[in-house]
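Here is a short tour to read alongside the sequence and the 3D view. Please keep both open as you go.

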Amino acid sequence: MIEQLPALVFAVPLTTAICMPVAGHVRKSVCRPLALASASAMAVLSVASLWAVVSHGSVRYSFSGWAPPIGIEWLADPVAAVMAAGVSVLGVLCLLYGGAVGDRTHDRHPVPYYTMVLLLLAGLSGAVYAGDLFNIFVFLEVVSLSAYALVAVQGGRALVSAFRYLLMGTLGTAFYLLGVGYFYAATGALNIADLAQQVPGLLGSKAVMAGLIFMLVGLAIKMALMPLHGWLPDAYGDGPTAAVPLLAGLVTKVALLIWVRILFWVMAAGESQGTAGIFMLVSSLGMLASVAGACIALRQRNLKRMFAYGGISHIGLVMIGIGQANQTGLTGAVYYLLNDAVMQCALFVLAGLAVHRYGVRTLDDAGRAAIRSPWVMGTFVVAALGMVGLPPTGGFFGKLRILLAALEAGNPLAAGAVIVTTLVTLGYFARLLERLVRGGSAESEPERAKMPWTLRAAMAALAAAMLALGIWNDPILEALTTATGGLAI
Amino acid sequence: MIGSRFESLIVRRTGSLLVPLVQIFALYVLFFGQYGPGGGFVAGVMIAASLVLGQLVFGRSGLSARRARSLLAGDGMGLLIFVAVGGLGLIGGGQFLNYSEAPIPGLPDASRRYVGILLTQIGVALDVAVAAVSIVFSLSRSARGEAGNA
């Protein structure tokens, strides 16, 4: 049964999503427990799959029993397995949080809402596992369509943001598909392992380069890389409180992971010359995104928008890491990507909580509110430490790796960009923390209902994950180095 | 236009001839899809086209329109069939969608594949038909400014 785990991880949320309308037709209150149970089962299966991959090695899963050139293959290597586990565990935490945060928007339409959440999780796991470029496109579409619908659930202003997201996102997937078409025309293959044998020899071909650039543009829209990030702050700012942590934590990160796959598993596999230009482009775009994103975040007054720009700048940091084209940079980037998924999730969980429990939307509100809950403040401090990059959180070790990679590659400009980003990030988090700590007085604090255990559990788990990723950074980084060591960079 | 009965005798006669013909041809395409061009997707589109044609010609209260609306209740049924057939392969110890591993007793390997592919294609056809019909329904509803659920 162990070798069937990747398919099961995908099939469980998909089947539940299909059955959700019927279940909701019988009784609406069954939707949330059903979604939670399905996501939990998915989490257990994906963690089991991670364990199996770590102890028994990667699994190449051929659907229908047809071998790769003809059939469709999924690749459960350590990178995919750890990302799939992250997706499903964060999915469970977001569902726990979403039901208790006090935002009742999605309760009006529980059937479509929970169907979309489960489809999103299924699509994300498929996109992570998929072993060929076309299936990645299919799952990227599943993810995107669910994400547009989830943003639009909020209604009102969110409809405009969702429509903008839809237009940009559709362009993104179209560009990506166009790039896949160029690759297919040049090589006749879509499978990543097949492409890895052919593409490095074809780097002089204009078709392959054009395809690569199309894919970069398409995925850059999906991951909100700096000049193409326009849809993100509005979509995350206006979207429903319960769904935004899921979107912020996972959707952009999976697009980034796909780009890492294309760059390292397809392009740079084997002895190849001529990829230097691409890596340089990636590194420069990363520098622009990280510094500019952090500076814009510094100017925001609205908390959600500030965190959204923080996320954009962190996407840039990961791009700097992979742009250095060395082993340190690759492992650091993948590790930082994992951390960033958890941090973004935690930040938007806190932002939603601030709006619905404390009525805090902007920096000025934060100065007036008295947030005395140790759960909220503790998680916020850990998340802030992670975003700024201070030990013992995973953010520090990831950023350190990326910095070391830049120095190793002899790229002082990139190293400078990492440091500037860190300082600016410190700026906006210190300002927010100062407002929160000094804000309000204990006497003026109104009586509030006790925080439900699901909220506390979700926050505690997120904070623990950020700390655990940092404390056990050594074995994780070592495992990632072994997993990516076969790629000649 | 959608929703009102079409009064022309010629259109209605042609419609009553065409709708069953298209549906029979859709079934042919569905079952023939194993050996030649065709299959679940095309068959699903044809079924949907026949239902939409029926609604255009005979109006909302016509037999086809009622059938189409009852079809919408089966939203997701097709996908469920697809996943179930795929899951049979898993239960039999093979990969997802590996029809030859499906635990159907008393069938040789080739027949298992045949039955598996046929069932999957029926699922695909159902799903495509439901999706296409529901798109037409929701567009026609919003054009008339009606609210309500199908």
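## A walk through the two chains

In chain B, 62% of the contacts between residues at least 6 apart in sequence join residues at least 24 apart; two residues are in contact if their C-beta atoms, placed from the backbone, lie within 7 Å. The model is predicted, so local features need pLDDT of at least 70 and side-chain atom pairs count only at pLDDT 80 or more, while totals for chains, interfaces and linings use all residues. Residues are numbered from 1 along each chain as its sequence is written, and chains are lettered from A and ligands numbered from 1 in the order in which they are written.

Let us stay with chain B for a moment. It has five helices and zero strands, giving the pattern α-α-α-α-α along the sequence. Helices (H or I, at least four residues) and strands (E, at least two) are DSSP runs, numbered from the N terminus. Of the 150 residues in chain B, 34% are buried, meaning that 20 or more other C-beta atoms lie within 10 Å of a residue's own, against 12 or fewer for exposed and partly exposed in between.

Where the chains meet, 13 residues of chain B are in contact with 12 residues of chain A. The chain B side of this contact has six nonpolar, six polar and one charged residues. Here Ala, Val, Leu, Ile, Met, Phe, Trp, Tyr, Cys and Pro count as nonpolar, Asp, Glu, Lys and Arg as charged, and the others, Gly among them, as polar.

Axes are lines fitted to C-alpha atoms over the stretch in contact, and angles run from 0 to 180 degrees between N-to-C directions.

| α10(A) (244–267) and α13(A) (327–358) | about 165° | 7 Å apart | 16 nonpolar, three polar, two charged |

Four bridges join β1(A) (residues 59–62) to β2(A), and the two run antiparallel; strands pair if DSSP finds at least two bridges between them. A:Tyr61 stands opposite A:Trp74 in β2(A). Which way do the residues of β2(A) point? A:Glu73 and A:Leu75 point one way and A:Trp74 and A:Ala76 the other, and all are buried. In a regular strand the side chains alternate between the two faces of the sheet.

Finally, some loops deserve a look. A:Ala224, between α8 and α9 of chain A, has a positive phi of about 60° although it is not a glycine, and it counts as buried because it has 29 C-beta neighbours inside 10 Å. A:Ala325, in the loop between α12 and α13 of chain A, has a positive phi of about 55° and is buried with 21 such neighbours. A cis peptide bond joins A:Pro391 and A:Pro392, with omega about 10°, and A:Pro392 lies in the loop between α15 and α16 of chain A.
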